[in-house]
Amino acid sequence: MPFKGKLRFNETKTRMFDKEQISRFGAFATPFYYYDIKLLRETLTRLKAAVDKYGYCVHYAVKANANPRILQEISAFGFGADCVSGNEVLRAIECGFPADKVVFAGVGKSDEEITIGIRNNIFCFNVESLQELEVINKIAGNEGKIANVALRLNPGIDAHTNKCINTGLADSKFGIDFNKLEETAAFAQRLGHIKLIGLHFHIGSQILDKEPYRLLCQRSNEMQEKINYMGLELPEINLGGGLGVDYVNPDSQLIPDFESLMDTIHANLKVKDRQRVHFEFGRAIVAQCGTMVSKVLYIKPATQTNFAIVDAGFTDLIRPALYGAHHKIENLTSRYAQNEKYDIVGPICESTDVFDTGITLPKTVRGDLIAFRTAGAYGEIMASRYNLRNLPNVYYSDN
Ligand code: LLP
């Protein structure tokens, strides 16, 4: 589906895992994450072609999924990494991302984390405040190094996404007010162990409309003019991540329309000869290749509905409980043609441990396997051990 205006979700036939796959699932310990490595590679191939067309660079947002196997697959395509903690920087390097393609963002980098970045000679710190500039300058000085930095500007753009993941508005904690660009850039220029190399933006996540990206390009063009007016030229423009995926009907678009977004950027962003454009996609790369699979423990009829109590809870996939997020739910093993209504709930002792309510599934019984689709991004990585539960298991399509 072309990435034109808003994406439309057409309910099409559900893609079920084939019989052979489902019988393999029967041998796995539930709940588990299952990653389709072939789909991940196809997604990476499409992304690479779309960005290579314009010479753009991608730094995969490790926060979406830091599973070493997934990171190795992504680094093998030559992409960089976008990290938000010292541990992510170390994990990315361990999993094959070259340090000179690692960017490090986050409003609250600790001194220890900054030191990790500097000692590993990462490509760039995306800096979010004047005070952070001073701290990086001091630590770089102590280490006898010069740190590359990009200023993360808050572009004041509404990405029209879930309010929990909308980051580009003026009152958000992220970035530096774009109206303060000149004074911040001038300040950075005066610091002896800082090299100002670029501007960084990120407007939010799960963005399904290209208009916020067009506005972002305009804001970036405006900021570049201001920088040039100061007599500076900054080689790097980083537009962040945020491209969304189809959670409602994943099979209608398993691979996001990277091409159309890149065309939009190319048509709207002013780029000088020696400048490079960077992106930090997370969700768009890994969401669709991951499925969480859980087993039905009990069916409990209630007045309005039937509760299907599964062995996964919000400790395994927290997005529905935390953001009211939707994941398509499928019964992989039902033998019945007849449909019934269910609330799909987990075992955790909290009433928010609900994956979805009032959904129609083929008649579901104890032991059935239930799939939660589009769980590859912000799924496994956000799992917790609340209630002292085990972390979910992980399996891959090719082993
Ligand atoms: N760059 C920066 C500076 C970010 O803050 C983020 C995400 C990304 C890149 C990657 O964004 P993506 O391409 O994945 O949309 N846990 C939430 C999403 C939080 C996103 C935080 N920042 C969820 O499950 O929806």
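This tour moves through a predicted model, from its domains to its ligand and then to its cysteines.

**Domains**

Begin by colouring the chain by domain: select residues 37-286 for domain 1 and residues 290-375 for domain 2. The centres of the two domains, taken over C-alpha atoms, are 36 Å apart. Where the domains are in contact, domain 1 contributes 13 residues and domain 2 contributes ten residues.

**Ligand shell**

**Polar atoms at the ligand**

Which residue places a polar side-chain atom 2.6 Å from an oxygen atom of the ligand? Select R319 to see that atom. Then turn to the backbone. At R283, a backbone N or O atom is found 2.8 Å from a ligand oxygen atom. At G282, the distance from a polar backbone atom to an oxygen atom of the ligand is 2.9 Å. Now switch to a surface display: on its own the ligand has 590 Å² of accessible area, and the protein covers 92% of that area.

**Cysteines**

Finally, select the cysteine sulfur atoms. How many disulfides does the model contain? The count is zero. Centre the view on C124, which takes part in no disulfide; C57 has the nearest cysteine sulfur, 12 Å away. Is C124 buried or exposed? With a relative accessible area of 3%, C124 is buried, because that value is under 20%.

Methods
Residues numbered from 1 in each chain as written. Predicted model: local features only at pLDDT ≥ 70, side-chain atom pairs only at ≥ 80, totals over all residues. Heavy atoms only, no water. Polar contact = N/O pair within 3.5 Å; in protein donor to acceptor, adjacent residues only side chain to side chain. Areas by Shrake-Rupley, 256 points an atom, 1.4 Å probe, with all protein chains shown as cover. Disulfide = S-S within 2.5 Å. Buried < 20%, exposed > 50% of the residue type's maximum accessible area, 1.4 Å probe, protein only. Domains from an automatic or database assignment. Contact = heavy atoms within 4.5 Å.
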